[in-house]
Amino acid sequence: MAIDFEIPPEAKAIRERVRKWVQDECRPAEQRLLDGEDYKTVLGELRAKARGQGLWCPFIPPEHGGMGLGPLANALVQMELGESYLGALSMNTQGPDDATMMTLLAHGTEYQKEKFLKPLLNGEKRICYSMTEKAAGADATGMQTRAVKDGNENYVLNGEKWFSSAASVADIALVMAKTDPDAPRHQQFSTFIVELPNPGYKIKRDIGTMAAEGPLSHVLGGGHSEIEIKDLVVPAENLLGGEGNGFNMGQHRLAYGRLRHGMHNVAMAQRALDLAVGHITQRTTFGEPLHRRQGVQWMVADCATEIYKARLMLLHIAYKAEKGLDLRQETGMAKIFLANMVHQVVDTAIQLHGALGYSTDTPLARWYTHIRSQRLVDWPDEVHRWTIGRNVIKAYQQHGTTASMCGGDLL
Ligand SMILES: Cc1cc2nc3c(=O)[nH]c(=O)nc-3n(C[C@H](O)[C@H](O)[C@H](O)COP(=O)(O)OP(=O)(O)OC[C@H]3O[C@@H](n4cnc5c(N)ncnc54)[C@H](O)[C@@H]3O)c2cc1C
């Protein structure tokens with residue numbers, strides 16, 4: 001048998017531990033925050049406990065203090081963590097920090113790893129990623145921020161950034177800027193490590209968004225900032241990965257980040273469906289329990305089917321990653337699917353809850369407004385579809401069939 005859906009025992013065991021961790025520790029800690037306890041105290045205690053149990057930085061190699069999980073075990077862990085606001089934070093695998101840690105690990109010098117990566121891995125500091133500008137988002141090669149070398153010691157950056165998540169709670173920023181306007185399009189940009197706070201990196205505001213503000217919004221997310229970059233002096237030793245490589249490194253970061261959101265979505269969708277089924281099994285209308293209505297059963301069935309498809313996609317991608325196979329097409333497809341899947345499931349769960357779903361007495365309303373962004377971030381749906389479609393056409397032109405770009409390698 002070529003395909004075996006049996007999860008290896010060690011991956012199963014770690015999934016089970018994380019599941020229990022989220023249920024027994026993260027969800028009660030969430031409640032402590034809602035009851036008004038201090039964020040730093042609650043998170044500090046939670047993190048100390050998680051780390052003490054070896055639940056820390058799932059995909060970071062053990063020699064750097066992480067769990068060293070491979071793609072499958074990591075996917076299983078992430079699929080559990082999305083159930084609680086504190087899940088990923090408790091194990092120091094929250095975005096945008098986690099993918100950025102990977103970039104530093106892969107491209108940092110020894111000095112950069114010691115000075116900047118170590119405190120991130122220890123959970124002592126946080127990092128944000130400043131690529132997008134008002135002038136350029138989906139097509140990041142339109143970035144205008146300039147970095148000019150000033151002698152051999154420093155670069156000086158000028159420009160602006162927009163929607164830098166967690167900038168207002170970050171101690172370090174990775175900032176992309178144009179170093180060589182005459183180079184080929186994708187080699188014009190470099191990435192700089194910037195220590196915060198910094199007078200040259202001024203947070204003008206946290207941008208108001210459609211995401212409903214909750215009691216924990218500010219402490220957890222830190223908002224999405226608009227930044228003015230004015231005469232920002234960056235030591236040359238803080239150039240990450242060499243001049244002209246900023247764009248490649250950004251793409252490396254986005255490749256992981258794209259899937260991580262989707263993995264968390266599975267847990268969120270699962271909890272939304274559980275809440276919905278919990279509700280319909282309690283509620284009676286017009287003399288009949290809601291869960292006995294066929295129309296309601298169909299709604300639940302559609303959600304279950306979407307979650308099942310999501311799990312299959314992620315397991316297939318994890319399988320390809322374990323084997324070192326090319327997974328770019330599947331990642332793009334899954335990124336779109338998982339963002340829309342969670343939207344559909346949470347929307348249905350709200351519908352089945354009636355006015356209660358629209359209220360903030362359940363987490364559904366807040367989730368609904370938060371997850372809308374997922375169809376935009378890390379490339380909007382349309383840009384992924386554009387790339388996926390081109391790959392499909394190319395496959396046909398090369399092989400006379402599109403199968404290889406439609407999961408056909410399963411056959
Ligand atoms: C909540 C949130 C968090 C974010 N966090 C960060 C962060 O931490 N760091 C960071 O650098 N950036 C961040 N971003 C920015 C994000 O990456 C960009 O918003 C995204 O890349 C889209 O760019 P844009 O908003 O400029 O849209 P545009 O590039 O202007 O595109 C607008 C729309 O045009 C359509 N479109 C664009 N190109 C094509 C195409 N080729 N074919 C068909 N249709 C197309 C799409 O519908 C798209 O939604 C964040 C954004 C949000 C909303």
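Start at the ligand: the shell of residues around it is made up of 11 nonpolar, 7 polar and 2 charged ones. Here Ala, Val, Leu, Ile, Met, Phe, Trp, Tyr, Cys and Pro go down as nonpolar, Asp, Glu, Lys and Arg as charged, and the others, Gly among them, as polar. Before we go on, know that you're looking at a predicted model, where local features need pLDDT of at least 70, side-chain atom pairs count only at pLDDT 80 or more, and totals for chains, interfaces and linings use all residues. Residue numbers run from 1 along each chain as its sequence is written.

Who sits around the ligand? Of the 20 residues there, the ones that come nearest are Thr 132, Gly 137, Ala 138, Pro 380 and Glu 382; a residue is near a molecule or strand when its C-beta atom, placed from the backbone, lies within 6 Å of it.

Now zoom out. The chain is assigned domain 1 (9-93), domain 2 (127-244) and domain 3 (248-410), with bounds that come from an automatic or database domain assignment. The ligand lies between domain 2 and domain 3, because both give residues to the shell around it.

Next, pick out helix α2, residues 39-52. Its 14 residues reach 20 Å from first C-alpha to last, close to the 20 Å expected at 1.5 Å a residue; the expected span is 1.5 Å times one less than the number of residues. Which residues of α2 are buried? They are Val 42, Leu 46 and Ala 50. Looking down the axis of α2, you'd find its buried residues within an arc of 60°, so they line one face of the helix. (That arc is taken over the directions from the helix axis to the C-beta atoms.) "Buried" means that 20 or more other C-beta atoms lie within 10 Å of a residue's own, "exposed" means 12 or fewer, and "partly exposed" is in between, with C-beta atoms placed from the backbone. An α-helix has 3.6 residues a turn, so residues three or four places apart point the same way.

Turned away from the buried side of α2 are the exposed residues Lys 40, Thr 41, Gly 44, Ala 48 and Gly 52. The cover over its buried residues includes α1 (9-34) and α4 (87-90). Just past the end of α2, Gly 54 takes a positive phi of about 80°.

What about α3 (71-81)? This helix is largely enclosed by the rest of the structure, because 10 of its 11 residues are buried. Among them are Pro 71, Asn 74, Gln 78 and Glu 80.

Most residues other than glycine have a negative phi, and most peptide bonds are trans. Cys 57, in the loop between α2 and α3, has a positive phi of about 40° though it isn't a glycine. Cys 57 counts as buried because it has 24 C-beta neighbours inside 10 Å. Phe 286, in the loop between β9 (284-285) and β10 (288-289), isn't a glycine either, and its phi is positive at about 50°. Phe 286 is exposed, with 6 other C-beta atoms within 10 Å. A cis peptide bond joins Gly 95 to Pro 96, with omega about -5°, and another joins Leu 196 to Pro 197, with omega about -5°.

Methods. Helix = DSSP H or I, 4+ residues; strand = E, 2+ residues; numbered from the N terminus. Contact = placed C-beta atoms within 7 Å.
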